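Open the structure in your viewer and keep the selection tool at hand. This tour goes from stop to stop, telling you what to select and what is there.

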Amino acid sequence: MTTRKALLEAHNLVVKRGGTEVLRIPEFDLREHETVALIGPNGTGKSSLMLALAGLLQLAAGEIRYHGDPIILSGDTTAFRRRIAMVFQEPLLFDATVYDNVASGLKLRGISAIETRARVESCLERFRITHLAGRSARRLSGGEAQRTSLARAFATKPEVILLDEPFVSLDPPTRQVLMDDLEQVLRESGTTALIATHDQLEALRLADRMAVMHEGRIVQSGTPAAVMNEPANAFVATFVGMENILTGTIVSAGGGLLSLEVAGKSLEIVGSGAAGERVVLCAHPEHVVVTTIDPDHRTSARNVFSGTVTRIVPLGPVNKVYLDCGFPLVAAVTGQSLAELQLAVGSRIFASFKATSVRLFRKG
Amino acid sequence: MELILEGFRMAWHLLVTLDKEVLSVTLLSLKVSGLATLISLLVGVVGGTGIALAEFPGKKLLVSVVNTSMGLPPVVVGLFVTIMLWRNGPFGSWEILYTPSAMVIAQTVIASPIVMGISIAAIQNLPPNLRLQILALGASRPQMVWLLVREARLPLLAGIMAGFGGVISEVGASIMVGGNIKGYTRVLTTATVMETGKGNFDTAIALGIILLVLCFVINYLLTMVQQRERPR
């Protein structure tokens, strides 16, 4: 991944709004064909970074480079803006039909009617809104409107697409389906994408790389597994929440149960898939049970691993207990249990989780 | 009571027989106010869009001045334009006082701030990120301004109709700079004032009905426009 060419880069970026510094990014880049998730709480500068990368914000310092060439923001940036696309939280559609909305970016570029028609039709199909082509944008549901907005952005065949929390105002089922479609379009088109979200599952699902933002800075950036398993600081740790991220391979599948291999150990997980598939497993620390005696024959937990305690972080009523079982695991243990089990760094333990308490994501 | 009924009966007669006098007065009204509105459209929409999109010191003050001017008293405008066009005034050499041209000027002065004020509000009421979205779609600056104006077309249309409604029904300025000359500068409002003064209620009522119908049509269209929603 590191060998991929940087497409869009920010160097020593500083953005001020109303005299206050809202963004300070020493280095950030988007490489060809990768999807990067920008995660962080609201008001942390994700939108500002996206607007800056899109050439839509005046910079107090620093520069944006595209294909290695700096973008001169004081001049005419139209040519640069025509090679990228941005989708906002709100669909921001024009008061026109769905078709005309999707065609609008192409019209601005003066693309011929024949090619416009072909591209619009293909995008309507990819986002499954062909049946809405003639409908007024005023009469769309939230999901349909955001699909139109995405289709409008992809119709221009951008080299880079910046997505600023495009699903945030949608209800969970709509969001889920739309995310599936976006994932597929991104994979098929190979468009380089930066997607801002405050949902770590969304990030995990779509991203090759993840950048965590806090107070206008990128505090950590790396693969989703790296960010989630080895949070750079307490903020990232708290923010990502789901700390058990394991990569593995499906060994066999049957009866709704999967056998997996993770770091040389075998796991059983409820889910579907085919042997040989690479998957990412996620479990909340709350679902990892720690005992000092082998619970193999006494609990319903199928997955039991022996290991040692590497670190204990007290977090109020709950302690985060970091374990090494041949792969890293984090368990949430109450203060009372911690005392009863007499856990300390170096303690030999057994960690277990139920086959139903793990989330599974297919990896590319 | 009988006076009123008789007035309506006569008025109806004047309307259905397309009385020449009534017709000419109505046509001149539409011509003068229509032309004034057209000029206000150019001044108001262009100026209003410019003010709404530009950032400059004193912008709030300027917007306040425009908004205050939306309610300029027609007689004050009439007085001002009369002075300007008076024989010894700055534009006295044009010799257009007491002509329809003078009425168009006075009505343009009244309607322009109305159109401009509503244009500023229309552009400013668009979603704040729409400008950025349009730029992100690859629009050049002129394309962006054009698309914003197109998105605000309904409230802009409302502004234009409000401007037209304001001038077709004003009397003070028209009578001062036009002079209510029969067959030359006599319009619906000035004729109504005169006919009422002379006790010719039938003609006055006929003219009043035409004016009311025009105002109703304008307001009906305005309401239709205002009740349409923007897309998400």
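Does A:Gln342 count as buried or exposed? Select A:Gln342 and look around it. A:Gln342 counts as exposed, because it has 8 C-beta neighbours inside 10 Å. The cut-off for exposed is 12 or fewer. Keep in mind throughout that this is a predicted model.

**Two loop residues**

Stay with A:Gln342 for a moment. This residue sits in the loop between helix H10 (335-341) and strand E19 (348-353) of chain A. Check its backbone: phi is positive, about 50°, although A:Gln342 is not a glycine. Most residues other than glycine have a negative phi.

Now select A:His33. Here too phi is positive, near 65°, in a residue other than glycine. A:His33 lies in the loop between strand E2 (20-31) and strand E3 (35-39) of chain A. How many C-beta neighbours does A:His33 have inside 10 Å? The count is 18, so A:His33 is classed as partly exposed.

**The two domains of chain A**

Colour chain A by domain. Domain 1 covers 6-240 and domain 2 covers 244-362, according to the domain assignment. The C-alpha centres of domain 1 and domain 2 of chain A are 35 Å apart. Their contact takes 6 residues from domain 1 of chain A and 6 residues from domain 2 of chain A.

Select helix H7 (200-206) and helix H8 (224-229) of chain A. Each supplies at least two residues of the side of domain 1 that touches domain 2. H8(A) gives the most to that side, with 4 residues. By class, this side of domain 1 of chain A has 4 nonpolar, 1 polar and 1 charged residues.

**A sheet of six strands**

Next, show strands E6, E7, E8, E3, E9 and E10 of chain A. They form an open sheet in the order E6-E7-E8-E3-E9-E10, and the pairing is mixed. Strand E6 (84-87) and strand E10 (217-222) of chain A are the edges, each pairing on one side only. From one strand to the next, the twist averages 15°.

Zoom in on strand E7 (residues 160-164) and strand E8 (residues 192-197) of chain A. These two run parallel and are joined by 5 bridges. Which residue stands opposite A:Val160 in E8(A)? Select A:Thr192: it is the residue opposite A:Val160.

**A sheet of five strands**

Move on to strands E13, E12, E11, E14 and E20 of chain A. These 5 strands make an open sheet in the order E13-E12-E11-E14-E20, with antiparallel pairing. At the edges are strand E13 (265-270) and strand E20 (359-362) of chain A, each pairing on one side only. Neighbouring strands of this sheet are turned by 40° against each other on average, direction ignored.

Centre on strand E11 (residues 244-254) of chain A. On one pairing, E11(A) runs antiparallel to strand E14 (residues 278-283) of chain A, with 6 bridges joining them. Pick A:Leu246 and find A:Leu281 of E14(A) opposite.

E11(A) also pairs with strand E12 (residues 257-262) of chain A, in the antiparallel sense over 5 bridges. Pick A:Ile250, and the residue opposite is A:Leu260 in E12(A). In a regular strand the side chains alternate between the two faces of the sheet.

**Over to chain B**

The C-alpha trace of chain B spans about 65 × 45 × 25 Å along its principal axes. Of its 232 residues, 40% count as buried. Among the contacts in chain B with a separation of 6 or more, 77% come from residues 24 or more positions apart.

**Where the chains touch**

Bring chain A back. Here 17 residues of chain B are in contact with 24 residues of chain A. Select helix H6 (130-136) and helix H7 (141-151) of chain B: these are the elements that give two or more residues to the side of chain B touching chain A. The largest share of that side, 5 residues, comes from H6(B). By class, the side of chain B that touches chain A has 8 nonpolar, 5 polar and 4 charged residues.

Note on methods. Residues are numbered from 1 along each chain as its sequence is written. Chains are lettered from A and ligands numbered from 1 in the order in which they are written. This is a predicted model: local features need pLDDT of at least 70, side-chain atom pairs count only at pLDDT 80 or more; totals for chains, interfaces and linings use all residues. Two residues are in contact if their C-beta atoms, placed from the backbone, lie within 7 Å. Ala, Val, Leu, Ile, Met, Phe, Trp, Tyr, Cys and Pro count as nonpolar, Asp, Glu, Lys and Arg as charged, and the others, Gly among them, as polar. Two strands pair if DSSP finds at least two bridges between them. Axes are lines fitted to C-alpha atoms, for helices over the stretch in contact, and angles run from 0 to 180 degrees between N-to-C directions. A residue is buried if 20 or more other C-beta atoms lie within 10 Å of its own, exposed if 12 or fewer, and partly exposed in between; C-beta atoms are placed from the backbone. Domain bounds come from an automatic or database domain assignment.
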